[in-house]
Amino acid sequence: MKPLVIAFGLAMASQHALANTGSINFFGHISSGTCSIDIIDPSTGLPTSRIFMGNVNAAQFKNPDDEAANRAFGLRVTPGSGCILVPGAHASVTFTGNYGGAGATGTLYALEPNGAEGLALILKDNVGTPVDNGIASKQYPLHDDMLFSVAYKAIAIPVTGGSANSDVQFRVDIP
């Protein structure tokens, strides 16, 4: 298998706001590589540059491990320009958080420092199994979209308000 390294910014942006107002955006960028990889919206199948996380109130996190703002996204590998997908080929995706691991075992994705506290990101595969920081996901058929989800997960209570940004790299190993 030849590794394909793609920078994937999973960034959450939050505005400091009063009481119960604000917004959180989830967006990313795919840099050039051997194979074109698009972020897609699974509900439409169309490429997207942003995944809106919705409005999240710290009060939604009452206990450690509570999750909120679950959003689906996918990765689509498109053949062409030197990228050939062998029929029946499978690949896994390894996500690695730029700010390191979070949670008791370091398997979650840490948020950027000096923002919301008590939170991390959790990434899951298409059947809801967590994809741990730095560990390859299950195998996905390369001719299908690789579907994932992301959510905020409480790692400490209380959760405090603030920006909720993170950057995550990913590598797709294509045979």
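Me: Happy to start with the charged side chains: which residue does Arg171 meet in a salt bridge?

Reply: A word on the basis comes before the partner: this is a predicted model, where local features need pLDDT of at least 70 and side-chain atom pairs count only at pLDDT 80 or more, while totals for chains, interfaces and linings use all residues. Residues are numbered from 1 along each chain as its sequence is written, and side-chain values use heavy atoms, with hydrogens and water left out. A salt bridge here is a side-chain nitrogen of Lys or Arg within 4 Å of a carboxyl oxygen of Asp or Glu. At 3.1 Å from N to O, the partner of Arg171 is Asp173.

Me: Is Asp173 buried or exposed?

Reply: Buried stands for under 20% relative accessible area, exposed for over 50%, and partly exposed for what lies in between (1.4 Å probe, protein chains only). Arg171 has 33% relative accessibility and counts as partly exposed. Asp173 has 12%, so its class is buried.

Me: How many residues apart are Lys153 and Asp65?

Reply: These two form a salt bridge, with the closest N and O atoms 3.9 Å apart. Lys153 sits in strand β13 (residues 146-154), and Asp65 in the loop between β6 (50-54) and β7 (67-78). Strands are DSSP runs of E, at least two residues, numbered from the N terminus. The pair links distant parts of the chain, and the separation is 88 residues.

Me: Which residue forms a salt bridge with Arg76?

Reply: Arg76 is partly exposed at 23% relative accessible area. The closest N and O atoms of the pair are 2.7 Å apart, and the partner is Asp145.

Me: Where is Asp145?

Reply: Arg76 lies in strand β7, and the pair links distant parts of the chain, 69 residues apart. Asp145 is in the loop between β12 (140-141) and β13.

Me: How many bridges join β7 to β13?

Reply: Two strands pair if DSSP finds at least two bridges between them. β7 and β13 run antiparallel, and Arg71 stands opposite Val150 in β13. The number of bridges joining β7 to β13 is seven.

Me: Which residue in β7 stands opposite Ile40?

Reply: Strand β4 (residues 36-41) pairs with β7 in the antiparallel sense over five bridges. Opposite Ile40 stands Gly74.

Conventions:
Helix = DSSP H or I, 4+ residues; strand = E, 2+ residues; numbered from the N terminus.
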